[in-house]
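User: Hi! Could you walk me through this structure? I'd like to go through it piece by piece.

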Amino acid sequence: MSTILHSQDASAQDQRPDVLAHVAGNVRALRAERGFSQDGLAAQAGVSRRMISGIESGEANVSLSTLDRLAQALGVSFSRLVRPPDMRDNSRIDSLAWRGRNPDSRATLLGTVPAAREAELWTWSLAAGETYPAEADAADWHEMLYVMEGVLTVERKGADPQRVATGDFLIFTSDRPYLFANREAGPVRFVRNVVF
């Protein structure tokens with residue numbers, strides 16, 4: 001399972017903060033505001049109390065889908081959960097949210113704007129051979145991808161893989177599991193909008 005990186009794993013070459021630098025305090029504060037115990041939040045989000053404890057202490061790596069479940073249980077957007085606590089809006093989050101096995105594979109949440117609920121703007125890169133699996137989203141969620149360099153392969157359950165080359169784009173509903181893959185020899189860089 002893909003996880004957001006632990007804040008102590010950030011490389012010196014990437015000066016952006018990672019989202020775990022903010023998640024621990026945000027989860028703790030939002031949980032307290034809503035009157036949840038760690039057990040209560042765990043039950044509401046469908047995760048273990050141990051996971052909640054690890055997140056709040058900054059000691060747990062956590063998947064993006066787990067953060068989505070926590071945000072939903074807390075009644076906030078994903079971006080509210082991961083943004084710096086002193087930030088008034090989501091227009092410039094600019095935080096590293098995922099890192100693959102290869103240091104050239106990473107995703108940065110740049111910012112969000114309101115949509116039916118919200119729209120997220122990301123930059124992504126995948127090194128050769130790297131993949132990012134994603135769980136199904138609700139029926140009204142959409143992915144909008146634009147490839148800036150390389151060739152991105154998108155594999156969706158029940159559909160043929162789609163290759164998206166430099167300068168091309170793909171828009172799809174993300175209501176079933178999908179996978180971003182770099183099946184080429186060089187890196188792939190793309191812009192990702194998540195709209196929901």
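Analyst: Happy to. Keep in mind that this is a predicted model.

User: Is Ser79 buried or exposed?

Analyst: Ser79 is buried, because its relative accessibility is 0% and the cut-off for buried is under 20%.

User: And what does its side chain make a polar contact with?

Analyst: With the side chain of Asn90, at 2.8 Å.

User: Nice. Let's switch to the strands. In what order do the six strands of the open sheet come?

Analyst: The order is β1-β2-β3-β10-β5-β8, with antiparallel pairing. The edges are β1 (95-99) and β8, each of which pairs on one side only. On average, neighbouring strands in this sheet are turned by 25 degrees against each other, ignoring direction.

User: Remind me, what do strands of a sheet pair through?

Analyst: Backbone hydrogen bonds, and the pairing can be parallel or antiparallel.

User: OK, how many bridges join β1 to β2?

Analyst: Four, and the two strands run antiparallel, with β2 covering residues 106-113. As one example, Trp98 has Ala107 in β2 as its bridge partner.

User: What about β6, is that strand mostly covered or mostly open?

Analyst: Mostly covered: β6 spans residues 151-156, and five of its six residues are buried.

User: Which strands does β6 pair with?

Analyst: β7 (residues 162-165) is one partner, antiparallel over four bridges. Strand β9 (residues 178-181) is another, also antiparallel and joined to β6 by four bridges. To put residues on that, Leu152 has Val164 in β7 as its bridge partner, while Thr153 stands opposite Ala181 in β9.

User: How many residues lie between β6 and β7 in the hairpin?

Analyst: Five, and Gly158 in that turn has a positive phi of about 80 degrees.

User: Last topic, the surface. Which residues make the nonpolar patch?

Analyst: Met144, Tyr146, Met148, Phe169 and Ile171 make the patch, which comes to about 470 Å². Both β5 (142-149) and β8 (169-173) supply at least two of its residues.

User: Which strand gives the most to the patch?

Analyst: β5 does, with three residues.

User: And why does Tyr146 count as partly exposed?

Analyst: Tyr146, which lies in β5, has a relative accessible area of 40%. Partly exposed covers what falls between the cut-offs of under 20% for buried and over 50% for exposed, so Tyr146 belongs in that class.

User: Great, thanks!

Methods: Residues are numbered from 1 along each chain as its sequence is written. This is a predicted model: local features need pLDDT of at least 70, side-chain atom pairs count only at pLDDT 80 or more; totals for chains, interfaces and linings use all residues. Side-chain values use heavy atoms; hydrogens and water are left out. Patches are made of residues with over 30% relative accessible area and no salt bridge: like charges are joined within 9 Å, nonpolar side chains (Val, Leu, Ile, Met, Phe, Trp, Tyr) within 5 Å. Accessible areas come from the Shrake-Rupley method with a 1.4 Å probe; for residues, only the protein chains shown count as cover. A salt bridge is a side-chain nitrogen of Lys or Arg within 4 Å of a carboxyl oxygen of Asp or Glu. Buried means under 20% relative accessible area, exposed over 50%, partly exposed in between (1.4 Å probe, protein chains only). Two strands pair if DSSP finds at least two bridges between them. Axes are lines fitted to C-alpha atoms, for helices over the stretch in contact, and angles run from 0 to 180 degrees between N-to-C directions. A polar contact is a pair of N or O atoms within 3.5 Å; within protein, one must be able to donate a hydrogen and the other to accept it, and residues adjacent in sequence count only if both atoms are side-chain atoms.
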